[in-house]
Amino acid sequence: MRKRRRFYRGVVNHVYQRTVSGCNLFYGYDDFLTFFTIFSVCVRSTDVSVLSLCLMYNHFHALAIANVRKQLSDLINHACAWYAREFNQSVSLAGRLLKKNFGSAPKRDDKAVRTAINYVGNNPVEKRLCVCPEEYRWNFIAYGNSRHSFSEPLVLRNASRPLRRAVKEVDSMVQLNLPLKFAQLSRMFRRLSAKEAEQLVDYIISEYMFIDFEAAASYYGSYSKMVEAMRFNTGSEYDLHEEHDSCSDKAYQEMMDCIREVRPLHPVRTVISLPKDQKLELASLLRGRTSATPYQIFRFLHLTVAGK
């Protein structure tokens with residue numbers, strides 16, 4: 001029998017979900033943003049409060065408070081299933097993308113919550129994607145005190161016509177409480193400069209933002225104290241059984257850059273729908289051009305790894 005999930009009403013729960021076989025879940029801005037906006041829509045449709053969220057390449061963490069066990073399960077399962085459908089449709093594949101059951105662990109005192117906040121925020125630091133947690137866009141920490149954390153402020157009267165149209169479309173989708181999808185995001189970004197693309201990413205995240213930074217900061221006294229604490233204490237997690245990989249996740253960034261160079265007309269994630277012989281050719285290319293290990297390359301390409 002499956003072990004009953006530990007849950008306490010109104011207590012912060014550390015939620016953890018990983019992909020099947022550790023394969024990649026995100027390959028670029030459109031992937032991260034599709035998941036984030038889906039998660040936002042799901043959160044806004046429930047009474048669940050989210051204190052933290054961190055999206056990594058093949059898993060994600062969240063800290064959430066619910067009053068009923070089913071609320072938490074419904075939120076995570078609905079968001080994951082929705083994203084998996086959109087992801088599979090975008091690469092013309094079928095099958096399970098995320099593991100059937102997500103992990104969760106309740107944190108029943110303030111010290112445990114602070115440790116969990118530090119741990120979730122520092123995931124990209126541990127994987128050597130950044131030096132300080134607020135330097136990583138997809139743990140969303142920097143958005144606690146800025147709407148344009150990774151770009152110049154967006155002034156619509158000075159923006160290009162494609163950017164103004166994209167902003168108008170985002171506003172409409174937020175008002176309807178609908179997520180942005182892969183094809184939609186690809187169209188929005190297609191005619192933007194690199195500077196405008198960064199502005200649009202920040203705008204989308206800010207408009208769909210659902211993380212309760214005030215509640216998270218209350219465990220430290222202020223937002224600035226929370227960020228400072230993260231820098232000096234990475235936190236720990238003993239209640240969830242995670243798969244640990246000591247290799248740097250920078251290899252995934254290198255592989256994405258390499259694929260964009262050799263397949264500039266296709267979203268990076270579409271490599272997983274290529275025939276196996278073409279995937280193996282790409283695997284050889286990635287092995288020669290990046291620091292990725294064979295196991296990282298196989299996970300990136302959604303290839304079966306012997307013995308895994």
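A: Helices (H or I, at least four residues) and strands (E, at least two) are DSSP runs, numbered from the N terminus. This is a predicted model, where local features need pLDDT of at least 70 and side-chain atom pairs count only at pLDDT 80 or more, while totals for chains, interfaces and linings use all residues. Residues are numbered from 1 along each chain as its sequence is written, and side-chain values use heavy atoms, with hydrogens and water left out.

The residue to look at is Phe 32. Phe 32 belongs to helix α1, which covers residues 29-44. Is Phe 32 buried or exposed? Buried means under 20% relative accessible area, exposed means over 50%, and partly exposed lies in between (1.4 Å probe, protein chains only). Phe 32 has a relative accessible area of 3%, so it counts as buried.

Now for its surroundings. Contact means heavy atoms within 4.5 Å. Set aside the neighbours within four places in sequence. Phe 32 then touches Phe 26, Leu 55, Met 56, Tyr 57, Tyr 136 and Trp 138. Phe 140 is 108 residues from Phe 32 in sequence. In space, their C-alpha atoms are 11 Å apart.

Compare a residue in a loop. Ser 236 lies between α9 (223-232) and α10 (250-262). Its relative accessibility is 27%, so Ser 236 counts as partly exposed. Again leaving out neighbours within four places, Ser 236 is in contact with Thr 115 and Tyr 119. Ser 236 and Asn 118 are 118 residues apart in sequence, yet 7.9 Å apart from C-alpha to C-alpha.

Now step back to the whole. The protein has 12 helices and 4 strands. Its radius of gyration is 19 Å, close to the 19 Å that the globule rule gives for 308 residues, so the protein is as compact as a globular protein of that length. That radius is taken over C-alpha atoms, and the rule is 2.2 Å times the number of residues to the power 0.38. Of the 308 residues, 53% count as buried. Consider contacts with a separation of 6 or more: residues 24 or more positions apart account for 77% of them.

Last, the cysteines. A disulfide is a pair of cysteine sulfur atoms within 2.5 Å. The structure holds 0 disulfides. Cys 23 has its closest cysteine sulfur in Cys 80, 13 Å away, which is too far for a bond.
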